[in-house]
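Open the model in your viewer and keep the selection panel at hand. The tour goes from one selection to the next.

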There are 2 protein chains.
Amino acid sequence: MARENGPQDEDGRQGEAGRQGEGRVPSDPVRDIAAAWERERPGTPVSSIGIVTSIWQLAKLFGDDRRRTLARAGVDTATLDLLSVLRRSGPPYTLSTREIGRRSMITAGAVSQRVARAERENLVSRGPAQGRPRTVEVTLTATGHEVVEATVDQVLHREAELLDGLAPEKQAELTALLRALLADVQHRLGDDRLTHVGED
Amino acid sequence: MARENGPQDEDGRQGEAGRQGEGRVPSDPVRDIAAAWERERPGTPVSSIGIVTSIWQLAKLFGDDRRRTLARAGVDTATLDLLSVLRRSGPPYTLSTREIGRRSMITAGAVSQRVARAERENLVSRGPAQGRPRTVEVTLTATGHEVVEATVDQVLHREAELLDGLAPEKQAELTALLRALLADVQHRLGDDRLTHVGED
DNA sequence: AGGTCTAAATTTAGAGCTAAACGTAGCAGG
DNA sequence: CCTGCTACGTTTAGCTCTAAATTTAGACCT
């Protein structure tokens, strides 16, 4: 209620898809974005929007939901990510900061900060690696181990729940396509970073 | 410290996929994550990982790449997102802050801050809405308009390029699946937010 | 041995975001 | 009328990230 008058469109053109006349398309926000660019700037290269924007929005929804789930348990997503990477690596639950950065796809500075925060709460410990000079090893503590055990299933279960509107075969197809795309993009970007240094 | 011994594989088992004996699978990092959970904690509900983690990593790669592309042009991604939403809405390039938040999927506070930053650089202007009390309207300035025109094609073109390792039919399939998933998750989360208020 | 060089991690500056507290102003009921 | 409610935007506190500057400590060369 509230909003008594201005019902239909302060929003500019919300339903801007305009004329997909027939069936009653139940509003596809991502498609609308591409359509709006076409309408406003004919020739805009919109081909990537259907994939990139959907991925972006899904990541946002999953991420926000995960944050809320974990907040109830008193943990934050960055810390759980760190603990999970260590937990998954198996005994002795130890990795170099470098390796942590690679697996979590974050910069070295971010690793330092995550580890410092987690160390403050006694979830991990830090020390020089034996055989390798200049490298620091991070190890899960007993407390850290407990936190993982207490939260990981919750998070994963919740996410499986969010996916179960999609039929299993569809999920399998999607998994395969995402996997192929991820491998390709990763490869491309890895190369680019090396080749692309000074040009363009 | 003191973790002597273990020289050979600090990385835990990087290639932890272990025995997918035959073909020489070219290392699938996302699959490895699920496999590692299974190995370390049999029974962990890993079914969502293939989709959720891939989406997360792709979003990170696309996002980082976009940030780098825009940095060269002296813009940041949050600002371009704001300007784009306004640009796409068509003349008079004006939206309420509420609507901006909905379209960009960010909180009201984040909208305020984005608008404040953009206003400082004269990319948008802000003022009370005509017919509706209590609402603030944001409008693209000429400068803001120029920034969009100068950068949007670059960004979208770059992203299309990143996708073009995936065959067009595959892209179409992926688009359709993501679209279905997004609609479902969005619907579910919208409901949840209302029903879930005090329980659990 | 002494002076670079270099590879590693850490620290810092600054952008962004969320959640929650706040300010404000129509509006509705007594 | 006055009071409290409600819908809106803004501000603030705190977290997290990136990029760049800084620190640290072997390694290499002569």
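**Around DNA strand D**

Select K60(B): one of its polar side-chain atoms lies 2.7 Å from a phosphate oxygen of DNA strand D. A polar contact here is a pair of N or O atoms within 3.5 Å. This is a predicted model, in which local features need pLDDT of at least 70 and side-chain atom pairs count only at pLDDT 80 or more, while totals for chains, interfaces and linings use all residues. Residues are numbered from 1 along each chain as its sequence is written, chains are lettered from A and ligands numbered from 1 in the order in which they are written, and side-chain values use heavy atoms, with hydrogens and water left out.

Next, select R98(B), where a side-chain N or O atom is 3.0 Å from a phosphate oxygen of DNA strand D.

Of the DNA strand D atoms within 4 Å of the protein, 79% belong to sugar or phosphate.

Colour helix 5 (108-120) of chain A. This helix gives the largest share of the surface near DNA strand D, five residues.

**The sheet in chain B**

Move to chain B, where three strands form an open antiparallel sheet in the order 1-3-2. Its edge strands are strand 1 (94-96) and strand 2 (124-128). Strands are DSSP runs (E, at least two residues), and helices are runs of H or I with at least four; two strands pair if DSSP finds at least two bridges between them. End on T94(B), which stands opposite T139(B) in strand 3.

Note on methods. Near = heavy atom within 4 Å. Polar contact = N/O pair within 3.5 Å; in protein donor to acceptor, adjacent residues only side chain to side chain.
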